[in-house]
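Dear colleague,

I am passing on a structure for you to look at, and below it I have written down what was found. Please keep the structure open while you read.

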Amino acid sequence: MKTLIVIAHPDIDSSIVNKYWIEELKKAPEEFTIHELYKVYPTEPFDIKHEQELIDSHDHLVLQFPVYWFSSPPLLKKWLDEVFLEGWAHGPNGGDKLKNKKIALAVSAGSTADDYSIDGRYGHTLEQMLIPFETTFLYCKADYRSIHAFYGEDPSNKELEHNMKNYLTFLRNL
Ligand SMILES: Cc1cc2nc3c(=O)[nH]c(=O)nc-3n(C[C@H](O)[C@H](O)[C@H](O)COP(=O)(O)O)c2cc1C
């Protein structure tokens, strides 16, 4: 089983959480392919065929990103718009390539888990905030496996390590 991790972080050099996740995931290349959109496509258009073939050639797909304005950074939205095409991802003529594919999200959020609770500051969980992604995957008949998250700013090494263990368990049990 091999998982494609599509990463969309506009400023990975300043990142703590996503950078750490990437470094750790790179230690298991037989399990995880790291695909950093902002590095591969800093300015040029997507190679759509290549992106679709990458997804096809992996068992599972995970989209990893920092939460920006309760959604993803813009390049990931563009990637979804341009790669999840009718006739490939959905629609009657061959639009079944994501059918039953296990897809999940891995997200870092600057706010706390308490903020993302029904009684908290935002009144919604992060899972609820990310329902447009869930619905996109359901629309494509994929098998959506929910989210793995890191909450909060300025993480300690211990928090990062603990979260990474949970992230790996999440990925290995998709
Ligand atoms: C433009 C921008 C928008 C952000 N919007 C949110 C947000 O809506 N919710 C939130 O919890 N954090 C938000 N943050 C904080 C980031 O999610 C957080 O710093 C990031 O996930 C930490 O991961 P990293 O160390 O990999 O950069 C935002 C940060 C930026 C720069």
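Ring pairs link Trp69, Phe70, Tyr116, Tyr122 and Tyr151 into a cluster, where rings of Phe, Tyr and Trp (its six-membered ring) count as a pair if their centres lie within 6.5 Å. This is a predicted model, in which local features need pLDDT of at least 70 and side-chain atom pairs count only at pLDDT 80 or more, while totals for chains, interfaces and linings use all residues. Residues are numbered from 1 along each chain as its sequence is written, and side-chain values use heavy atoms, with hydrogens and water left out.

Across the whole structure, the search finds twelve aromatic pairs. In one of them, the ring centres of tyrosine 116 and tyrosine 151 are 5.9 Å apart with their planes at 45 degrees, so this pair is tilted (planes under 30 degrees apart count as stacked, over 60 as edge-to-face and the rest as tilted). Tyrosine 116 is buried, with a relative accessible area of 6%, whereas tyrosine 151 is partly exposed, at 28%; buried means under 20% relative accessible area, exposed over 50% and partly exposed in between, with a 1.4 Å probe and protein chains only.

Elsewhere, in helix 4 (residues 74–83), Leu75, Leu76, Trp79, Leu80 and Val83 are buried, helices being DSSP runs of H or I with at least four residues and strands runs of E with at least two, numbered from the N terminus. These residues cover an arc of only 145 degrees around the axis, which puts them on the same side of helix 4, the arc being that of the directions from the helix axis to the C-beta atoms.

Best wishes
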